[in-house]
Amino acid sequence: MSKKELIYLLALQRIPNIGDISAKKLLQHLGSAEAVFKEKKSNLMKINGIGSHTLKELHKTLYLEEAEAELKFIETNGIETVYFQDKKYPENLKHCIDAPILLFQKGNLDLRRKKIISIVGTRKATVHGVAFCEKLIEDLAPLNPVIVSGFAYGIDIAAHKAAFKNNLQTVACMAHGLDKIYPKTHAKYREQVEANGGFVTDFWSNSDFLPANFLSRNRIVAGLGQATIVVESAEKGGSLVTADIANSYNREVFAVPGRPTDLQSKGCNNLLKQQKAQALTCAADLIYMLNWDLEKPQPEQQKLFVELPPDEEKVFSVLQKTGKCELDELALESGLPTFQLASLLLNLELKGLVRPLPGKQFEVV
């Protein structure tokens with residue numbers, strides 16, 4: 001993308017009344033942000049869903065000037081901008097109707113991976129809630145998922161820290177620009193987040209710090225994940241909003257059940273009661289519901305690319321045809337003496353293609 005087009009995209013993102021849905025309609029019809037700004041207002045109004053109120057401030061030069069200033073901040077601070085039509089744009093988020101036209105990110109991110117889960121919960125997390133979160137991520141670690149959360153107090157930061165501990169990539173979705181860290185006490189985790197994932201936002205630098213920003217941020221948390229997990233929540237809270245958004249995106253939602261008397265479990269219990277979430281009691285529940293346990297390695301694929309000496313190839317072919325095979329039978333089928341087979345089988349075992357079984361039997365791995 002050219003620098004000029006990026007300035008126009010930033011300006012389009014900045015204009016009041018033009019949200020991400022309207023911006024995408026304009027871009028789809030005109031092909032570029034620059035073309036949107038240069039098109040006549042009367043022609044733009046012919047686009048379905050675009051009215052005079054939407055375009056009210058489109059041609060004010062103020063927004064292009066602000067976009068140029070923001071681009072300087074982006075370039076100076078090593079921030080990456082990702083356009084919603086770029087290959088690097090997160091695939092899960094791309095399918096959300098109100099996903100940002102531009103994402104700003106900083107760190108070491110790879111959001112094109114298959115296994116991405118969003119973990120949210122109350123800022124007033126209990127010891128039990130934090131322990132559950134840590135255990136869940138520890139048990140999921142062998143599957144190498146990306147852990148997404150909102151970098152807030154409580155369950156959010158517990159999820160990020162558990163990801164660090166288990167060497168997993170973690171993504172912190174921010175409700176403000178990347179010129180600041182909130183809460184300030186979490187600034188000490190900045191380097192770990194950037195080394196093990198990164199920060200993501202659609203807010204500009206110096207953006208006003210408003211409560212509504214958190215609700216907007218939640219759509220990114222819900223959109224990035226294949227599933228959203230609510231670990232703990234009071235009867236009302238931002239985590240429940242995130243769960244509702246995830247449901248609207250047709251994503252899986254899980255809630256950790258708690259005792260009816262626990263204040264920080266009321267929200268989760270209500271999600272379950274209203275059938276807005278499935279119960280999550282351990283990592284196995286998540287693995288089963290997302291069919292992650294069905295994703296097994298394909299050893300045959302590896303074998304196709306292994307070049308074997310003629311005698312090893314002969315032994316391997318026999319085992320492929322016969323399945324389990326005793327040493328004497330293998331000698332008969334391959335036409336090789338047993339003293340030579342011992343060496344050939346050891347080589348195949350070291351290459352990860354064959355394994356020994358009790359009773360002098362062998363089989364293909």
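1. In this predicted model, the buried residues of helix 12 are covered by elements that include strand 7 (227-230), helix 11 (238-248) and strand 8 (252-255). The residues of helix 12 that are buried are G267, C268, N269, N270 and L271, and the helix itself spans residues 266-273. After helix 12 comes Q275, which has a positive phi, near 60 degrees.

2. Among these buried residues, N269 deserves a separate look. N269 has a relative accessibility of 18% and therefore counts as buried, since the cut-off for that class is under 20%. Leaving aside residues up to four places away in sequence, N269 touches P257, G258, R259 and P260, and the side chain of N269 reaches the backbone oxygen of G258 at 3.0 Å. In the other direction along the chain, N269 and A279 are ten residues apart in sequence, with their C-alpha atoms 9.0 Å apart in space.

3. Helix 15 contributes D311, E312, V315, F316 and L319 to the contact, while helix 17 contributes Q340, L341, L344, L345, N347 and L348.

Definitions and conventions
Residues numbered from 1 in each chain as written. Predicted model: local features only at pLDDT ≥ 70, side-chain atom pairs only at ≥ 80, totals over all residues. Heavy atoms only, no water. Helix = DSSP H or I, 4+ residues; strand = E, 2+ residues; numbered from the N terminus. Buried < 20%, exposed > 50% of the residue type's maximum accessible area, 1.4 Å probe, protein only. Contact = heavy atoms within 4.5 Å. Polar contact = N/O pair within 3.5 Å; in protein donor to acceptor, adjacent residues only side chain to side chain.
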